[in-house]
Amino acid sequence: MSTPLSVDIPTAMTISAQGGIDGHSRRYEKVLGDMSGVYRDEAAWQAAVTERGDSELVYWVDDQRYQEGPGALIVGTSTLLPGCYGDEFALTRGHLHAIADRAELYHCLSGHGVMLLETVDGQSAAIELTPGKAVNVPGHWIHRSVNVGDEPFVTLFCYAADAGQNYDIIANAGGMKNLVVVDGDGWALTPNPDHTGYSA
Ligand code: ZN
């Protein structure tokens, strides 16, 4: 978790539809090698690492955080490159907020994606996002972005600065309950046979 940026007076920021914030922002990057154990088809992921290298960028986040505490916001963009690993579309690791009741807005700026949403007690939803569409992810919902298109999937997000991220909840459950897989020219949800259920 990065520390807040030092800013005396708020200024306008320019948010690119291709991702990125012109102004006070920070970037963190995920590379292919960081995605070990995330895709169900480990062999397909390993083949991609062998072919493309483990340091190839797969997604990145630019965010702006001026303050800390329960009243502050983190605003940023997420840029997820397209691809497939086996029949699974490219995705982010996904998380539940460490303070689980914290909600989050995602607004699609470009590309074509799905926000995959699940609760610990077994509810699920998959929200298709194209430019102009948004989803208000309620607190207590595990969430992950999936790129089901062939160009970068870019979202603007906004959430409480004290929310934090719990990534282990997905890893400890054998992955999310549903997979987003290739289905003809489109996508479909299919149950993940490895999913063992979430433990809160
Ligand atoms: Zn979140």
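Trainee: What should I know before starting?
Mentor: This is a predicted model, where local features need pLDDT of at least 70, side-chain atom pairs count only at pLDDT 80 or more, and totals for chains, interfaces and linings use all residues. Residues are numbered from 1 along each chain as its sequence is written, and side-chain values use heavy atoms, leaving out hydrogens and water.

Trainee: Which strands does S7 join?
Mentor: Strands are DSSP runs of E, at least two residues, numbered from the N terminus, and two strands pair if DSSP finds at least two bridges between them. Here S7 (residues 88-91) pairs antiparallel with S6 (residues 84-85) over two bridges, with Tyr85 bridging to Glu88. Two bridges also join S7 to the antiparallel S13 (residues 142-147), where Ala90 has Asn147 as its partner.

Trainee: Which residues are the protein donors of the zinc ion?
Mentor: Donors are N, O and S atoms within 2.8 Å of the metal (3.2 Å for Na, K and Ca); water is not among the atoms, so sites may look incomplete. In this model they are His95 (NE2), His97 (NE2), Glu104 (OE) and His143 (NE2), lying 2.0 to 2.2 Å from the zinc ion. Glu104 lies in strand S9 (residues 104-110) and His143 in strand S13, so the pair ties together parts that are 39 residues apart in sequence.

Trainee: Are Glu104 and His143 buried or exposed?
Mentor: Buried means under 20% relative accessible area, exposed over 50%, partly exposed in between (1.4 Å probe, protein chains only). Glu104 counts as buried at 3% relative accessibility, and His143 counts as buried at 2%.

Notes: Helix = DSSP H or I, 4+ residues; strand = E, 2+ residues; numbered from the N terminus.
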